[in-house]
Amino acid sequence: DAWPTLLLITWWLFSAASFGYFINDSFDIEKDAKAHKPNFSSKLCKPVRWLVALVLAASSLAPWLLDGRFMPVLYLAVAQLLLFLLYSVPPIRLKDRLGGAVVTDSLYAQVIPVAVIFASVRLGLGLQFPIWALLPLFIWALVSGSRYIVEHLIRDYHHDHKAGTYSMVHRITVQRANELISYALFPIELI
């Protein structure tokens with residue numbers, strides 16, 4: 001029956017996405033205040049932010065702990081949580097690195113979710129298909145995710161500037177970022 005697997009995937013999607021957004025907001029409080037951007041996390045005291053983050057992280061891992069068949073999916077879910085942390089938390093904070101933001105965001109927002117969904121369906125329903133056959137889909141997810149985050153960085157250009165954050169778009173210019181999308185990422189994504 002597909003319903004239990006679909007329920008686990010949905011539970012994970014909501015929990016993991018919530019964790020990612022919450023962690024990012026929690027470490028952007030000062031920068032968002034400078035840019036006059038709303039930030040839900042800023043309304044919470046630090047111990048409550050830690051508690052919410054722990055509950056969301058545990059919730060995103062819980063579906064894969066319920067059934068031993070999903071152990072490989074658990075590893076992907078843990079990798080995603082680690083990428084969320086590497087993206088947002090100083091001193092590493094890949095969000096502020098030239099290529100780090102693009103690659104990390106693309107991995108946690110597109111590539112890992114695609115891998116989790118396919119692995120869950122394969123394991124939960126007992127379907128047999130070779131994982132390597134999905135390589136084109138993973139490449140597409142990486143390119144699509146890269147295009148999306150570059151577009152996001154272009155949209156946030158002025159807010160980031162006010163906050164003193166200098167993203168990849170500040171370093172290569174908005175025009176070059178648009179050219180990267182138009183002449184490289186989008187055409188590859190269409191293939």
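In which hand does α4 pass α5 in their crossing, left or right? I looked this up first. The model is predicted, and in it α4 passes α5 in a left-handed crossing.

**Entry: α4 and α5**

I took the geometry of this pair next. The two helices pack at an angle of about 165°, and their axes are 9 Å apart. Angles over 145 degrees count as roughly antiparallel, so α4 is roughly antiparallel to α5. I then listed the contact. On the α4 side I noted Pro72, Val73, Leu76, Ala79, Gln80, Leu83, Phe84 and Tyr87. The α5 side includes Ala101, Thr104, Asp105, Leu107, Tyr108, Ile112 and Pro113. Further along α5, the contact also includes Ala115, Val116, Ala119, Ser120 and Leu123. Sorted by class, I have 16 nonpolar, three polar and one charged residues for the contact of α4 with α5.

**Entry: α5 and α6**

I turned to the pair α5 and α6. Their axes come within 8 Å and cross at roughly 140°. The crossing of α5 and α6 is right-handed. From α5, the contact draws on Ala101, Val102, Asp105, Ser106, Leu107, Gln110, Val111, Val114, Ala115 and Phe118. From α6, I noted Leu137, Phe138, Ala141, Leu142, Ser144, Gly145, Ser146, Ile149, Val150 and Leu153. The class count for the contact of α5 with α6 is 14 nonpolar, five polar and one charged.

**Entry: Ser106**

**Entry: the cores**

Which residues have the most contacts inside the largest nonpolar core? I found Phe19, Trp64 and Val150, in a core of 36 residues. Seven helices each supply at least two residues of this core: α1 (3-26), α3 (46-65), α4 (71-88), α5 (100-125), α6 (135-155), α8 (168-172) and α9 (174-190). A second, separate core has six residues, among them Val111, Leu134, Phe138 and Ala141. Beyond its neighbours within four places in sequence, Phe19 is in contact with Ala53, Leu56, Ala57, Leu81, Phe84 and Leu85. As background, nonpolar side chains in soluble globular proteins tend to be buried together.

**Entry: Val174**

I ended on Val174, in helix α9. Its relative accessibility is 27%, so Val174 counts as partly exposed. Apart from neighbours within four places in sequence, the contacts of Val174 are Ile154, Tyr157 and Val169. I also took the spacing from Val174 to Val150: the two are 24 residues apart along the chain, with 9.6 Å between their C-alpha atoms.

Methods
Residues numbered from 1 in each chain as written. Predicted model: local features only at pLDDT ≥ 70, side-chain atom pairs only at ≥ 80, totals over all residues. Heavy atoms only, no water. Core = buried A, V, L, I, M, F, W, Y, C linked by side-chain atoms within 4.5 Å. Buried < 20%, exposed > 50% of the residue type's maximum accessible area, 1.4 Å probe, protein only. Helix = DSSP H or I, 4+ residues; strand = E, 2+ residues; numbered from the N terminus. Contact = heavy atoms within 4.5 Å. Axes fitted to C-alpha atoms, helices over the stretch in contact; angles between N-to-C directions. Parallel < 35°, antiparallel > 145°, perpendicular 65-115°, else oblique. Left-handed = near helix turned anticlockwise from the far one by under 90°. Nonpolar A, V, L, I, M, F, W, Y, C, P; charged D, E, K, R; others polar.
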